[in-house]
Amino acid sequence: MHAGSAGTLADGRRRSDTALELLQAQRPSAWPRVLLDRAGRYDADGAFADAEAAGAWSVWREVMSTSPRAIIRIVSESRLRGRGGAGFPTGDKWRTCHNQTADQKYVVANGYEADPGALLDRTLMELDPHAVVEGVALAAYAVGATKAYVVVKSTYRTAVRRLENAIRGAEQAGYIGIDALGEGFDLQIELVELQGAAVLGEETTLLYALMGKKPLPEQRPPYPAVQGLWERPTVVNNVETLAAVPWIIANGSAAFAKIGAAESPGTTLVQLSGAVAHPGVVEVPLGTPLREIVEGVGGGVARGNLKALLVGGAPGGFLPADGLDIPLTFDALEAAGAGMGSGTILVVDDSACIVDVATLMTRFMNDEACGKTIPCRIGLKRLTEIGERFTSGLTRPTDLTVLRDLCADVRDSALCGHEYAATNPLLSGMRYFPQEFEDHIARGTCPAGVCRRLSVAAALA
Ligand SMILES: Cc1cc2nc3c(=O)[nH]c(=O)nc-3n(C[C@H](O)[C@H](O)[C@H](O)COP(=O)(O)O)c2cc1C
Ligand code: SF4
């Protein structure tokens, strides 16, 4: 499934500026598949029966023979952790919501994919929309929700169409809707298209947007599982988290728990981009050393030498070239100053300047901040300005100290997590590439030759 015709990818998705290839050919056959197990085995624009023949909805058809508590126990025992970035245990979130007494509960599938460079959720929703919708139904049954929303970026036209097709098909089959499965369980699933800043992907912001309120992050606790949409208990899960659930219930929690790393079991989608030989999306067992992903699947750097990996998107952290043996787990990446974030790995070769890339990411995070919290509103602007002093040759001797102190202050006062993560590129850049920062100050030069000193002469040249 690597090359398609000029207009389409081999899996039938329309090739657009952003649609990415699945790196199937380069993927070791021993790696188990959970999320894309069914991808390409049915036409996601086609008949509901074809998706069913490929295995979709087989867990849901039998779900009423298992109690909601038992479903939650299976998910807990699988040790599934949320794929939205923070890695929160899914079973714990569901149990909290299940235990609330309320006249109405909700499930929200977060397919917003805030990181504009990431296309993993989009790939999943395009290739197996039924896994996402069946996962939503299972979550709703487990926590006792009768209304669910699947939120997608409105620009993801193929994903929107295919999810809509999956929802309508499930309704017509009597699997969801009033008296689902003829078992007296009502479940309405609605697709919602949203478009806005990156912060819209944050759960409290997403819930405000769904309620038609001004979409700004809110202080937690209370967490949405206790008090979410219209103050009712609401489970918010990333679409990848939910898509893993039908597989877990079909195959058992032990089968899932034994894939990958003990503290982060299962598989996840990873996107390779930047200076890599084979950019694209691949399903990877968690715990896999980054080397096997970047070199084994991605073919290493396209030209020159590997300098760094930016793991986790714009709010992610740099790892140096000798960080390739770090395993892809929430905890190992966090300890190394990066993070799972959006699931992207930007490969940086030695023609790039780390100060320049870190500043670019900080500028993006500053532009996307909603402005509600002062340390984020002002702090990210100042961090961007200082970064740009480095890249334009106008640094002051104290800039490195100011940068470190300001990053620490900004992290300490995070309301929604955006500002905490926004400091990752600069902090990890200073941690692993201090010499590059110092050279910009002490010598006024950029070792990579990327940043140019601003001068009237240069501007007129
Ligand atoms: C600024 C910001 C943006 C976020 N964007 C997303 C996003 O696009 N998709 C997502 O699933 N989670 C995103 N999150 C995390 C969500 O707030 C939430 O934790 C997640 O959807 C929960 O799902 P999970 O438990 O399955 O990981 C974002 C968080 C922050 C702070
Ligand atoms: S931390 Fe930043 S993005 Fe989050 S609420 Fe505050 S200003 Fe908005």
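These legends describe close-up views of a predicted model.

**View 1**
Helix α5 covers residues 120–127. Eight of its eight residues are buried, so the helix is largely enclosed by the rest of the structure. Buried here means under 20% relative accessible area. The buried residues of α5 are L120, D121, R122, T123, L124, M125, E126 and L127.

**View 2**
Strand β3 spans residues 177–180, and strand β4 spans residues 185–194. The two strands pair in the antiparallel sense over two bridges. A180 has F185 of β4 as its bridge partner. Four residues lie between the strands of this hairpin. In the hairpin, L181 takes a positive phi near 60°.

**View 1**
A side chain is involved at N237, where an N or O atom is 3.0 Å from an oxygen atom of ligand 1.

**View 2. Ligand 2 in its cavity.**
Ligand 2 sits in the largest cavity. The residues around ligand 2 include V199, P217 and A369, along with K372, H418 and E419. C370, C376 and C416 are also among them. Sorted by class, the shell around ligand 2 consists of seven nonpolar, three polar and two charged residues.

Technical notes
Residues are numbered from 1 along each chain as its sequence is written. Chains are lettered from A and ligands numbered from 1 in the order in which they are written. This is a predicted model: local features need pLDDT of at least 70, side-chain atom pairs count only at pLDDT 80 or more; totals for chains, interfaces and linings use all residues. Side-chain values use heavy atoms; hydrogens and water are left out. Buried means under 20% relative accessible area, exposed over 50%, partly exposed in between (1.4 Å probe, protein chains only). Two strands pair if DSSP finds at least two bridges between them. A residue is near a molecule or strand if one of its heavy atoms lies within 4 Å of it. On a 1 Å grid over the protein atoms alone, a cavity is a set of points where a 1.4 Å probe fits but cannot get out, and a pocket is an open set with protein on both sides within 12 Å along at least five of seven lines; lining residues have an atom within 4 Å of a point. A molecule sits in a cavity or pocket if more than half of its atoms lie within 2 Å of its grid points. Ala, Val, Leu, Ile, Met, Phe, Trp, Tyr, Cys and Pro count as nonpolar, Asp, Glu, Lys and Arg as charged, and the others, Gly among them, as polar. A polar contact is a pair of N or O atoms within 3.5 Å; within protein, one must be able to donate a hydrogen and the other to accept it, and residues adjacent in sequence count only if both atoms are side-chain atoms.
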